[in-house]
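Open the model in your viewer and keep the selection tool ready.

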Amino acid sequence: MILYDAKQPGPNPAVVRLFVHERQGLQFDVELIDLAGLENRKPAYRNTINARGEVPALRLDNDRIITEITAICGYFDEIAEGDRRLFGDTPEHRAEIHMWTRRAYLEIILPFVTWWRGTDAAEEAYRGHRLLMPEARRSHRLLADQGLNQLDDDLEGKTFLAGDDLTMADVMLYGFMGTNVATGEISWLNVPQRPNIAAWFDRMAAREASQKMMTALPARVEN
Ligand SMILES: N[C@@H](CCC(=O)N[C@@H](CS)C(=O)NCC(=O)O)C(=O)O
C-alpha cells in the first residue's frame with residue numbers, strides 16, 4: 001500500500017498525517033509529491049494516480065486508488081491495528097462523529113478555503129490550475145465567521161467536537177485550521193473572542209501528533 005503524500009504541508013495531506021499519527025497501528029509506504037513543482041498536475045500523476053491532480057491519494061495492494069481525505073482516513077480506521085477508532089465504534093457514535101465532521105467541513109473549512117482561494121497567495125500557488133473566486137471572498141468570510149461563532153457556542157463545556165475523546169471531526173478541523181494558522185495567511189481563524197475554539201485549538205496544538213502533521217511522512221510508516 002502506498003500513500004501519496006505532499007512534500008509541502010498542505011491542509012488535506014496534513015489531515016491524513018494527523019489521522020495516521022493519532023490512530024496508529026498502520027503500515028504502508030509513502031511517496032512524496034512536489035506540489036510546489038506542480039508534480040500533481042503533470043500527466044504522470046493525473047493519468048496513473050489522480051485525474052483531479054490532487055494529493056493525497058492511497059494506492060491499495062490490488063492497485064486500486066482511493067482519494068478524498070475522509071475516504072482515506074475511513075479506510076485506515078478500518079484496517080489499523082488497535083481499537084482506538086477515530087470514526088466511532090457504535091452506530092450512534094459513528095453518526096455523531098460524521099455529523100461533526102460534516103459540520104466542520106461545510107460550515108467552517110469550505111468557506112475559509114474559498115475565502116483563501118481569492119487571495120494572491122492562492123493565485124501564486126495554483127498558477128491557473130484551479131478555478132478561483134476572488135468575488136466570493138466577502139460572503140465566504142461571513143459564512144466562515146458564522147460557522148466559527150456557532151462552533152464556539154457548541155464547544156461550551158466540551159473537550160472535543162464530538163465529546164470527551166478526540167475523533168475524526170477534530171482531525172478534520174485541526175488539519176485545516178492548524179496548517180492555515182501556522183502559515184499566518186488566515187489571521188482571523190483563531191481569535192480570543194471565541195474562547196472555546198481558542199481552548200480547543202490549544203489542546204489540539206499541544207498534541208504530539210499535531211506537531212508531526214506539518215512534516216511529510218517518512219518513506220515507510222510503521223506505527
Ligand atoms: N477533495 C480532495 C482535496 C485534495 C486537495 O485539494 N489537495 C490539495 C493539497 S492541500 C492539492 O492537491 N492541491 C494542489 C492543486 O490543486 O493543484 C480531498 O478530500 O482529498
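A polar contact is a pair of N or O atoms within 3.5 Å; within protein, one must be able to donate a hydrogen and the other to accept it, and residues adjacent in sequence count only if both atoms are side-chain atoms. The model is predicted, so local features need pLDDT of at least 70 and side-chain atom pairs pLDDT 80 or more, while totals for chains, interfaces and linings use all residues. Residues are numbered from 1 along each chain as its sequence is written, and side-chain values use heavy atoms, without hydrogens and water.

Select 2-85 + 211-222 and colour it as domain 1, then 91-210 as domain 2; these bounds come from an automatic or database domain assignment. Their centres, taken over C-alpha atoms, lie 20 Å apart.

Next, select the residues that touch across the boundary, where contact means heavy atoms within 4.5 Å. Domain 1 puts in 22 residues and domain 2 puts in 23.

Between domain 1 and domain 2, twelve residue pairs are in polar contact, with both residues at pLDDT 80 or more. Now show helix 1 (11-23), helix 3 (69-79) and helix 9 (208-212): each supplies at least two residues of the side of domain 1 that touches domain 2. Helices are DSSP runs (H or I, at least four residues), numbered from the N terminus. Helix 1 gives the most to that side, eight residues.

Finally, show the side chains of Glu22 and Arg207, which form a salt bridge at 2.7 Å, N to O. The term means a side-chain nitrogen of Lys or Arg within 4 Å of a carboxyl oxygen of Asp or Glu. The interface of the two domains has three salt bridges by this rule.
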